Amino acid sequence: MYRDLVLNVALLVALSATYNLLDRLRFPQDWVKRVLGGLLFGFVTVVGMQLPFRYGPGLIFDGRSIILSLAGLFGGPVTGAVAAAMAAAYRFHLGGVGAWTGIGVIATSALAGILWHRRMKGRPEEVGAGSLFFLGLAVHVFMLLWMLTLPWPVGLGVLKRIAFPVLLIYPPATVLLGQLLAMEARRRRSEEDLRRNMEMLQKTQSIARIGSWEYDVESRRLTWSPEVSRLFGVDPDTPPSYELFLQCVHPDDRGRVDRAYSESVRQGRDGYEMEHRIVRPNDGRIRTVLEKCEHIRGADRRIVRSVGFVQDITERVETEAEVREIQETFQTFMDFLPAAVFMKDSRSRCTYVNRYMKEVFGAEDWVGQTPHEHLPREVADKMVADDREVLSEGVVETEEAVPGKDGTRRLFRTVKFRMDRPGKEPLIGGIAWDVTVQRAAEQALRESEEKFAKAFRSAPLLMSITRLEDALVLDVNDTYCEVTGYGREEMIGRTTLEIGLWRDPTDRRRLLKQLRTRGRVTNLDLDLRMKNGEIRHMLFSCEPVVLQGTQCLISVGMDITERVRADQALKELAAELELRVAQRTAQLTEANKELEAFIFSVSHDLRAPLRAISGFAEIIARRHREALNEEGRRYFDHILEASERMGSLISDLLNYSRLGRKAVTPEVIELEPFVEEVLRPYEETLRSGETELVLDLEVSSLWADRALLRQIVSNLVDNALKYRREDVEHRVRIACRTEGSEAVLTVSDNGIGIDPNHHERIFNIFQRLHPRTAYPGTGIGLALVKKAVSLLGGTIRLASEPEKGTEFEIRWPAQAKENRE
Ligand code: ADP
């Protein structure tokens, strides 16, 4: 009897071992495993049904109810169903009266297990002994109830007989077998958990790029996680060693790293942390890692082990370097930015200011301070009010006058904006740039534009602005409209050619040509056609100018029509006048010629009767003078004197009229003999010593008509000697020199001089200033000199003052030779 019991137990243990083995195997689909599990349970149930346990005569039990309920509990619905089906099929095959009861027991047992599986929410290994006991109890209560389905009263008899032993043995047996299966399942589960945790750890290490290591001080054994091999770029199969680790460390860092471990051990520290570089042997790349080590001490406080992790922080280090670089670049930009950049917190306290701000406003310690600490109250009040607005509106643009550190007020254009920060108070950012000069320039520009606009509008000249390429009128001033007769709106937007302003359209080409060659046009004569068709003359000046990117021409024109007409009239008048003068001159020359001819013929004709008078008068004087009484002699002397005077008058007149008749024939005249010859008639006077004669001849010869020059010199010398003053020593000077191509001859004396009132008229014929009794003369001499000078092509000039003396200067074009070489 006990052999069967042992066999049953052995069978169940074998089931538990086989089921665990099955559970360890991996299947692509879960249901395969479940079905196989079901087959296993089913198979064991069938085998178990062949080894019934005989409790007493006629009382045979087998473990089917236990096995099938546990199949449902541990394997779930599929396993339970498959096992139950197998058992049911076998029971059906056995047949007999209890067949259906047996199948019912099989079904309820598997079902109860499946329900318990549900209750355990898929974690049957967690099932406790109590729970198993209840399962066993429930399954076997149902089993006993199934006994009632046996033919009456057999069922009741069986029930009565087996109820107690079944309820006594089967639930504990369920607990035992269930615990066996659950224990195994739990072990498997924790193994699985461990494996999963390890996997997760490795995954985590690989994601975080963190490797861990452990060093046993006593055995000097180093172990590390696979991630360390990956980080260091070494073959994962190479066993870890401290030497291998040191090989991977960058040569420059090797000494430092080596010292770090040994020193921390020597100094008895709890651990250390350091950054160093490695050179990965597999790809030669340099990486930066963070090492952190902690020492673990034994019972005697001695360090027995060290654990640590190594993390690849290359990206972080590079990012930090990049951030540093960006920060430095930002700083450099900010330092050189010619504008104030600042950041403030919501209470207007600066959190950042750039160099410009410090320099312009002087203070260094802006950070942490409000504008009130550095700027006048009203300016700071306005700034703070703006800050409030920035916080509510987001952006504010202002222009504010702020005093710089040198006290001058500067105009700043400021843009402030709210800088929102997640989870923090917003900041206020701002940029302010100095627009003082720009605004002043704009103001100046506005004023200058206004001035130009006013000048343009009201100038009394025609002013226009046209597009250079096609002469499209962009603007014209009032005068332009007044003069041409066109309205502004009639001209603006049309070209001057379309308007028909050009009398001759080729004039525009002329204008453009001048513009090209000289860069501007000045005083160009143009004829423009007015609206009423009238042509008017204009004088135009143009300058090219770029207006809003377009090449334009500013033109200023003057209406010179009236002037041109006046000029024309003047020219006509002058021509007419010239004609008249020429006519008059011709008439005058004719009259002069006639007069001279008359004088000549008269004086010539007078000479014969005069010669007769003076001839006969001399005969009377010589032969019959005694016959005349006193009175007759006196009258006769008058006749002699008058005829003598008339003779000299006639010869002077003849000289005068002859002067123009002879052709002028210039020649080289040797001066000294010439002067000597001219002075010969005055030899006696000069020799008497009454007059001092000074000759100042700078040239030895002159180019002139000899007869004319003789007339000039002898007449001037004659006068100089004649008009002397009795009270002073008389002096006469004859000088001759050349100036350039001119000969200059002067005859001067210190005689009675001439009143300036008479300087003009003494050159006229018969003009005398003295009665004949005082100074004899005919009044023709200077007229003769003047005529001779003009025949020489020269000029005469007189300088004289009464009681001081007189100087005549004659200049004529002549070649002269240098005297006294
Ligand atoms: P006249 O025969 O009277 O000298 P001129 O024609 O030679 O006639 O001179 C005109 C006048 O000019 C003279 O009457 C004299 O009053 C004045 N005159 C000319 N030469 C001199 C001189 N050297 N000094 C002063 N008066 C002079």
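**View 1. A hairpin turn between β15 and β16.** In the hairpin of β15 and β16, five residues lie between the strands, and G533 there takes a positive phi near 90°. The model you are looking at is predicted, so to speak: local features need pLDDT of at least 70, side-chain atom pairs count only at pLDDT 80 or more, and totals for chains, interfaces and linings use all residues. Residues are numbered from 1 along each chain as its sequence is written, and side-chain values use heavy atoms, with hydrogens and water left out. Strand β15 (residues 521–529) runs antiparallel to strand β16 (residues 535–547), and seven bridges join them. Look for L526, whose bridge partner in β16 is M538. Strands here are DSSP runs of E with at least two residues, helices are runs of H or I with at least four, and both are numbered from the N terminus. Two strands pair if DSSP finds at least two bridges between them.

**View 2. β16 meets β17.** Strand β17 (residues 550–559) is antiparallel to β16, with ten bridges joining the two. Here F540 has G557 of β17 as its bridge partner. The hairpin has two residues between its strands, and Q548 in the turn shows a positive phi of about 50°. As you follow a strand, remember that in a regular strand the side chains alternate between the two faces of the sheet.

**View 3. The hairpin of β23 and β24.** Seven bridges pair strand β23 (residues 795–801) with strand β24 (residues 805–813) in the antiparallel sense. A799 stands opposite E807 in β24. Three residues separate the strands of this hairpin, and E803 takes a positive phi near 70°.

View 4. The ligand sits in the largest pocket. A pocket is found on a 1 Å grid over the protein atoms alone, as an open set of points where a 1.4 Å probe fits, with protein on both sides within 12 Å along at least five of seven lines; a molecule sits in it if more than half of its atoms lie within 2 Å of its grid points. Of the 20 residues around the ligand (a heavy atom within 4 Å), K722, Y723, R768, H770 and T778 come nearest. Helix α22 (706–722) and helix α23 (781–792) each supply at least two shell residues, and α22 gives the largest share, three residues.

View 5. A polar contact is a pair of N or O atoms within 3.5 Å. A polar side-chain atom of D749 lies 3.1 Å from a ligand nitrogen atom, while a polar backbone atom of T778 is 2.8 Å from a ligand oxygen atom.

Terms used:
A polar contact is a pair of N or O atoms within 3.5 Å; within protein, one must be able to donate a hydrogen and the other to accept it, and residues adjacent in sequence count only if both atoms are side-chain atoms. On a 1 Å grid over the protein atoms alone, a cavity is a set of points where a 1.4 Å probe fits but cannot get out, and a pocket is an open set with protein on both sides within 12 Å along at least five of seven lines; lining residues have an atom within 4 Å of a point.
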